[in-house]
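Let's walk through this one together, question by question. Have the model open beside you as you read.

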Number of protein chains: 4
Amino acid sequence: MIIVMKPEATTAELEAVKNKITDAGLNFHLSQGSSRTIVGVIGDKKKIATLQMNSFGGVEKTVSITEKYKLVSRDFKKEDSIIDVNGVKIGGGHLAIMSGPCAVESKEQLLEAAKAVKACGAQFLRGGAFKPRTSPYDFQGLAEEGLKMLREVADEVGLNVVTEIVNINDLDMICKYADMLQIGARNMQNFQLLKEVGHTNKPVLLKRGLSATISEWLNAAEYIASGGNYNIVLCERGIRTYETFTRNTLDLSAVAAVKELSHLPIIVDPSHGTGRWQMVRPMARAAIAAGADGLMIEVHPHPEVALSDGDQSLKPDNFAVVMQEVRQIAQMMGKTL
Amino acid sequence: MIIVMKPEATTAELEAVKNKITDAGLNFHLSQGSSRTIVGVIGDKKKIATLQMNSFGGVEKTVSITEKYKLVSRDFKKEDSIIDVNGVKIGGGHLAIMSGPCAVESKEQLLEAAKAVKACGAQFLRGGAFKPRTSPYDFQGLAEEGLKMLREVADEVGLNVVTEIVNINDLDMICKYADMLQIGARNMQNFQLLKEVGHTNKPVLLKRGLSATISEWLNAAEYIASGGNYNIVLCERGIRTYETFTRNTLDLSAVAAVKELSHLPIIVDPSHGTGRWQMVRPMARAAIAAGADGLMIEVHPHPEVALSDGDQSLKPDNFAVVMQEVRQIAQMMGKTL
Amino acid sequence: MIIVMKPEATTAELEAVKNKITDAGLNFHLSQGSSRTIVGVIGDKKKIATLQMNSFGGVEKTVSITEKYKLVSRDFKKEDSIIDVNGVKIGGGHLAIMSGPCAVESKEQLLEAAKAVKACGAQFLRGGAFKPRTSPYDFQGLAEEGLKMLREVADEVGLNVVTEIVNINDLDMICKYADMLQIGARNMQNFQLLKEVGHTNKPVLLKRGLSATISEWLNAAEYIASGGNYNIVLCERGIRTYETFTRNTLDLSAVAAVKELSHLPIIVDPSHGTGRWQMVRPMARAAIAAGADGLMIEVHPHPEVALSDGDQSLKPDNFAVVMQEVRQIAQMMGKTL
Amino acid sequence: MIIVMKPEATTAELEAVKNKITDAGLNFHLSQGSSRTIVGVIGDKKKIATLQMNSFGGVEKTVSITEKYKLVSRDFKKEDSIIDVNGVKIGGGHLAIMSGPCAVESKEQLLEAAKAVKACGAQFLRGGAFKPRTSPYDFQGLAEEGLKMLREVADEVGLNVVTEIVNINDLDMICKYADMLQIGARNMQNFQLLKEVGHTNKPVLLKRGLSATISEWLNAAEYIASGGNYNIVLCERGIRTYETFTRNTLDLSAVAAVKELSHLPIIVDPSHGTGRWQMVRPMARAAIAAGADGLMIEVHPHPEVALSDGDQSLKPDNFAVVMQEVRQIAQMMGKTL
């Protein structure tokens with residue numbers, strides 16, 4: 001941490017700052033600039049994190065130098081992590097495709113979707129049994145009944161199940177049916193949920209929060225990793241900006257950022273990321289070209305009767321076109337699908 | 001809902017749209033503009049909410065006309081709601097002041113803070129026993145031990161306790177110690193938590209999510225109200241924007257917006273809203289002048305040794321100055337404190 | 001500037017960084033942390049501004065410590081600046097009220113508005129003769145004809161004229177008619193215009209850009225000041241955020257921020273800041289309570305026939321109510337109006 | 001336009017709204033919903049644009065149905081526009097690559113950069129002679145001297161010149177040297193400049209404003225087109241969001257949006273869009289995969305001594321790698337480069 005003193009800071013104020021640092025078991029370096037004195041704090045990250053220097057007299061501002069997350073950082077592990085879900089690899093050159101309806105609605109719907117996405121090469125069936133919805137009057141999901149359908153259909157067709165958990169009390173139940181746990185954007189900083197999931201060894205798909213910085217997202221992943229569960233895949237799904245044409249603004253530069261800062265795989269969800277089915281195809285191509293390790297795409301056999309998010313769901317034939325183009329770019333990128 | 005057809009939409013496409021609407025038990029009005037046909041959907045809000053019209057051929061876009069929330073809306077109840085917490089009224093001309101440290105750290109710290117804020121006229125002691133922190137390595141709170149301290153100190157000094165709940169499994173325990181439950185910004189869309197809290201009759205302080213729209217916030221309140229608990233106070237605490245000088249951008253226009261759209265009381269938290277203790281004083285004045293029903297302000301006897309958010313905590317003497325000014329504006333606004 | 005080296009930076013890379021700094025005529029301090037070396041650059045701000053250190057091998061990131069603006073900073077001048085416009089003082093305890101229609105439409109409209117705002121205590125008549133409009137098909141203003149009306153009406157009623165300049169070639173013409181030049185949000189970084197205006201001694205009202213940081217705004221003011229014109233008043237008018245209920249998000253914390261960082265006066269425009277006339281009253285009160293040195297408020301005698309921004313214009317009787325309340329808060333704040 | 005009446009609107013208020021519409025020479029359709037009456041306004045777009053209905057009693061809100069821009073819309077012209085700059089085609093399957101240093105610094109620097117980018121297949125030499133800089137103390141460009149260098153070097157190497165115009169008074173001079181005029185992000189709503197440029201027939205590269213919506217951007221293009229100049233290429237260069245890891249957030253979904261709404265070509269600038277040279281390569285690939293018609297990439301032979309934006313400039317050898325990958329994706333997309 002860097003502490004910038006005000007130009008008018010007194011010697012006594014500077015002394016108080018120095019004492020606070022050494023009292024905390026830390027060291028410092030002084031740097032006397034042309035108008036300001038700058039104090040560099042040196043020592044253990046966790047101790048530095050507890051300093052509250054802005055409340056000291058004479059302090060203009062403080063600047064953090066290093067990130068708090070460690071286990072998920074590229075500094076900690078240089079090579080790409082590869083997450084294995086029942087033999088399907090994600091990361092390190094292996095692309096994962098997770099597809100299916102937004103919400104599980106019926107076994108017929110799910111089976112039709114599952115067969116379609118399997119035929120196109122998807123390895124994961126997605127579908128929500130517990131839906132976090134803005135309004136209490138919107139469809140909330142089929143709960144355990146939906147989980148059962150997911151498992152049965154996935155087994156029948158030969159896919160892995162990835163599904164969202166929204167309540168820590170559902171953890172055991174969902175683990176019984178799912179191969180991978182999804183933590184949605186709204187729960188990215190539900191720290192209780194992150195901690196609980198960190199104590200399992202289930203693979204986790206951690207979506208980026210609606211307005212989470214890259215740093216907050218990696219710190220959320222650190223909550224899971226620090227519990228002992230390293231099987232984490234990140235998922236960019238659009239951030240909130242002032243633009244209203246799209247539901248969210250898909251931030252593909254987050255793919256490059258995560259690759260630089262962390263060893264974890266990252267996939268992209270262009271369906272939620274744009275909220276418009278017409279945009280899924282170009283954004284899916286762009287995501288893979290940006291270096292993403294996979295895609296999560298909503299596919300619904302009949303989006304016009306979907307109970308949630310039909311506006312952003314692809315029909316199976318459109319999905320087939322997307323997958324064909326994605327394959328070509330994957331090949332160019334030297335990745336397997 | 002308004003459905004805007006594309007200029008090139010065919011008659012068959014329009015027919016399909018009309019059929020979907022009537023099949024859903026709804027009615028429509030057609031409006032033939034100079035370049036586009038517009039279809040107005042009429043009928044029950046909840047049925048309209050289930051339509052997925054953007055996936056229909058020929059549809060350019062859809063526009064929502066009404067909000068989904070009902071119980072918390074001004075349409076539903078014209079007069080201001082007044083929430084009563086053990087005889088302390090919030091709303092309808094009654095201001096509430098909630099103060100204390102960000103986190104409960106020790107009984108000494110809490111008692112010193114409580115006496116100071118009580119002396120200045122606060123009616124609520126705030127303090128976190130469970131802290132949602134960005135990093136797993138930050139101080140996470142004293143848990144039940146902290147709740148006990150809150151209760152003891154509040155009883156000793158004569159204050160109500162408002163404290164944050166972050167885990168649905170802690171509900172019974174927290175209800176034992178607290179007079180009012182706080183749902184923090186990160187949990188504003190933790191719908192499981194909202195539902196559970198909606199089944200109690202404890203007063204709830206619902207903070208606005210970091211990047212929640214006014215509409216999403218009122219829908220979150222609707223989750224609580226639809227469970228039967230109408231004792232809801234909203235709290236504006238700053239939203240995320242591009243500006244970095246402040247920790248968040250305090251949106252005081254949200255006070256006026258909520259007053260227009262809802263009958264619920266709304267208070268303002270200038271401490272989190274700015275992240276800088278120097279700004280708490282002017283923003284506290286401005287909040288009351290904007291029409292807020294109260295304030296939540298962090299006060300710490302020794303912010304330079306605080307375990308969290310010392311940067312935004314006032315010292316007791318500064319708080320006294322803030323309260324004096326707030327009282328003057330309250331008087332001008334015809335409100336009691 | 002602080003340069004943070006990567007953990008794996010080599011000695012040669014560090015040497016290259018050090019050489020670059022000394023070659024630029026600057027000095028440095030090294031600070032060896034637990035995992036990273038940090039290089040503090042010391043010397044002339046302008047020289048530091050020219051360093052391009054992120055492109056050096058081994059550099060992780062750079063952090064700016066000081067702002068580039070100087071003349072407008074509080075460091076440079078401790079006491080509040082007071083801007084004098086024909087005897088009307090702005091800042092340092094003197095409030096200025098600037099009111100009138102969004103656009104000048106006719107002499108009748110303007111005269112009716114001017115009489116109304118004068119009667120309520122406004123000292124400035126505002127009104128656009130050149131309107132920057134999103135669409136080329138929107139009303140663009142009456143140009144010089146509008147300026148003449150402004151001057152005649154202001155002289156008749158006894159007000160100062162503040163009006164927007166959008167084209168550097170209009171400078172001489174506008175200076176002939178106006179007492180104060182307004183630079184609008186869209187032109188806050190029209191640096192040519194800032195430079196030209198900086199070479200006059202006309203008072204300038206510099207609105208904050210739609211998504212300008214406080215720092216960029218003060219740097220824009222520095223463009224004017226560095227040309228020799230110190231007669232600058234800042235105007236907060238709302239920033240762009242994700243919220244759609246209001247046209248912009250009025251950032252009243254910017255008032256407190258500017259008071260901390262600069263000696264320049266700052267006023268607030270709640271009309272553009274919210275885009276809703278219903279919100280002007282509470283936000284005007286809040287602005288003065290936050291410490292603003294004045295207000296810019298749109299008043300139109302007949303907003304329902306306005307050629308621009310009628311949605312956010314007050315009728316004269318509403319304006320009278322606003323002014324009455326503002327006066328009370330001004331008194332409480334110890335300010336004159 | 002749709003006008004939504006309040007539930008409590010009176011018959012007289014509705015009559016006043018209807019009269020206003022018919023008085024403006026427009027028609028309307030009434031739609032009586034379950035709780036609200038909705039008025040659809042029908043007729044000429046420009047007349048509708050002048051209505052100020054929110055200031056009418058009983059009006060809850062208004063909703064725009066159609067965009068104001070026309071000439072640049074896909075409705076107006078179905079097929080992709082192809083812009084021809086001295087025989088180099090942009091759009092409709094033809095990719096354009098514009099490269100060179102951020103600012104023109106010296107003839108040696110420019111020539112070295114120009115040869116490198118030409119060798120890799122770029123058709124345009126970019127370089128600023130007039131630099132819009134946040135601080136007045138930053139390097140402002142070499143002005144006409146820089147333009148001469150651009151022309152000489154481009155002629156020597158065989159490239160077209162694209163360079164930024166920041167002042168309408170420089171138009172004739174810049175047209176003498178440049179093949180394409182760039183309007184930068186800060187000037188996207190400098191409507192005087194747009195109008196002037198619209199009266200020439202020079203090809204224009206119109207960058208998206210820092211926080212411009214797609215709609216505002218296309219309206220800015222409409223300013224140019226409505227002056228008679230249809231030779232417009234759009235350029236996405238990142239928008240301002242809360243994320244601080246990148247300088248801006250590159251919005252690649254804007255490429256898909258523009259393709260849907262307009263017939264104009266669109267290119268992408270990953271250098272400004274990210275502000276980090278490490279991200280240019282993945283984002284350049286992603287842009288082409290998203291459907292962009294070209295790229296603008298900063299290349300500097302020695303970024304560590306650049307006078308501006310060296311942090312985001314590629315060295316020639318990195319640029320060569322980018323171009324190789326871009327070519328592969330272009331081929332897959334069926335585009336020529």
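Q: How many salt bridges are counted between chain A and chain B?
A: A salt bridge here is a side-chain nitrogen of Lys or Arg within 4 Å of a carboxyl oxygen of Asp or Glu. Between chain A and chain B, the count of such salt bridges is 4.

Before going on, a word on the ground rules. This is a predicted model, where local features need pLDDT of at least 70 and side-chain atom pairs count only at pLDDT 80 or more, while totals for chains, interfaces and linings use all residues. Residues are numbered from 1 along each chain as its sequence is written, chains are lettered from A and ligands numbered from 1 in the order in which they are written, and side-chain values use heavy atoms, with hydrogens and water left out.

Q: Which residue of chain B meets the side chain of A:Glu216 in a salt bridge?
A: Look for the N to O distance of 2.6 Å. The partner of A:Glu216 is B:Arg240.

Q: Which helix gives the most residues to the side of chain A that touches chain B?
A: Helices are DSSP runs of H or I with at least four residues, strands are runs of E with at least two, and both are numbered from the N terminus. The elements that give two or more residues to this side of chain A are helix H2 (45–49), helix H6 (191–198) and helix H7 (214–226). With 5 residues, the one that gives the most is H7(A).

Q: How do the residues on the side of chain A that touches chain B divide by class?
A: Ala, Val, Leu, Ile, Met, Phe, Trp, Tyr, Cys and Pro count as nonpolar, Asp, Glu, Lys and Arg as charged, and the others, Gly among them, as polar. Chain A gives 50 residues to the contact and chain B gives 50 residues, where contact means heavy atoms within 4.5 Å. For the side of chain A, the classes are 18 nonpolar, 19 polar and 13 charged.

Q: What area is buried between chain A and chain B?
A: Buried area is the accessible area (1.4 Å probe) that two parts lose on being put together, summed over both. Carbon and sulfur atoms give 44% of it, and the area is about 4300 Å².

Q: How many residue pairs are in polar contact between chain D and chain C?
A: A polar contact is a pair of N or O atoms within 3.5 Å; within protein, one must be able to donate a hydrogen and the other to accept it, and residues adjacent in sequence count only if both atoms are side-chain atoms. Here 50 residues of chain D are in contact with 50 residues of chain C. With both residues at pLDDT 80 or more, the count of pairs is 24.

Q: Which residue of chain C forms a salt bridge with D:Asp138?
A: Chain D and chain C have 4 salt bridges between them. In the one at D:Asp138, the closest N and O atoms are 3.1 Å apart, and the partner is C:Lys68.

Q: Why does the salt bridge of D:Arg36 and B:Asp75 join two chains?
A: The closest N and O atoms of D:Arg36 and B:Asp75 are 2.7 Å apart. D:Arg36 lies in the loop between strand S2 (27–32) and strand S3 (37–42) of chain D, and B:Asp75 in the loop between strand S4 (59–63) and strand S5 (83–85) of chain B, so the two chains joined are D and B.
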